[in-house]
Amino acid sequence: MNISPSELIIMDVLWETNEPLTSSMVYDRINAIYPDKWQYHTIVTFLSRLVQKKAAKYNVEGRNYLYYSNVERDAYFKKYINEKFDKHHIDSSVAFIGLLGEKYTKENIDAAKKLLEEYKKK
């Protein structure tokens, strides 16, 4: 599943919401964050693409389409990162961490250490 950066903005809205949203609700939330960035019809187009890609689903309620995420955020990014590792032949998670190293805070490093210790026990 290849989701564009613009589609990821839509997915962020869907992931952060625990309830299905109409396209108007998605538009309002995005417009609150990025005023005047997109037109309403752009949001509808992105929602349609996300449904085609099976990243989102919808239910019809009366005349409204209610959209919601069909994939968990963590599952999507785990798959995305693994695909990038394969594509660019990164065969070491240590090399990957090295690439991101300067973005880590002490709290992130401590959390990563804890996670690695949990993986080590498996």
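Buried means under 20% relative accessible area, exposed means over 50%, and partly exposed lies in between (1.4 Å probe, protein chains only). The legends below use these words throughout.

This is a predicted model, in which local features need pLDDT of at least 70 and side-chain atom pairs count only at pLDDT 80 or more, while totals for chains, interfaces and linings use all residues. Residues are numbered from 1 along each chain as its sequence is written, and side-chain values use heavy atoms, with hydrogens and water left out.

**View 1. E7 and K53 join in a salt bridge.**
Let's start with one of the three salt bridges in the structure; the term stands for a side-chain nitrogen of Lys or Arg within 4 Å of a carboxyl oxygen of Asp or Glu. Here the N to O distance between the side chains of E7 and K53 is 2.7 Å. The two residues are 46 apart and link distant parts of the chain: E7 sits in helix α1 (residues 5-16), and K53 in the loop between α3 (40-52) and β1. Helices (H or I, at least four residues) and strands (E, at least two) are DSSP runs, numbered from the N terminus. E7 counts as buried because its relative accessibility is 1%. K53 counts as partly exposed, at 32%.

**View 2. R73 and D12 meet between two helices.**
Look next at the side chains of R73 and D12, which form a salt bridge with an N to O distance of 3.3 Å. R73 belongs to helix α4 (residues 73-87) and D12 to helix α1, so this pair ties together parts that lie 61 residues apart in sequence. R73 is partly exposed, with a relative accessible area of 27%, and D12 is also partly exposed, at 30% relative accessibility.

**View 3. E16 joins R73 and D12 in a network of salt bridges.**
The side chains of E16 and R73 meet at 3.5 Å, N to O. E16 is in helix α1 and R73 in helix α4, so the pair ties together parts 57 residues apart in sequence. With 60% relative accessibility, E16 counts as exposed.

**View 4. Y58, V60 and Y65 make a nonpolar surface patch.**
Patches are made of residues with over 30% relative accessible area and no salt bridge; like charges are joined within 9 Å, and nonpolar side chains (Val, Leu, Ile, Met, Phe, Trp, Tyr) within 5 Å. Y58 lies in strand β1 (residues 56-61) and counts as partly exposed, at 37% relative accessibility.

Definitions and conventions:
Areas by Shrake-Rupley, 256 points an atom, 1.4 Å probe, with all protein chains shown as cover.
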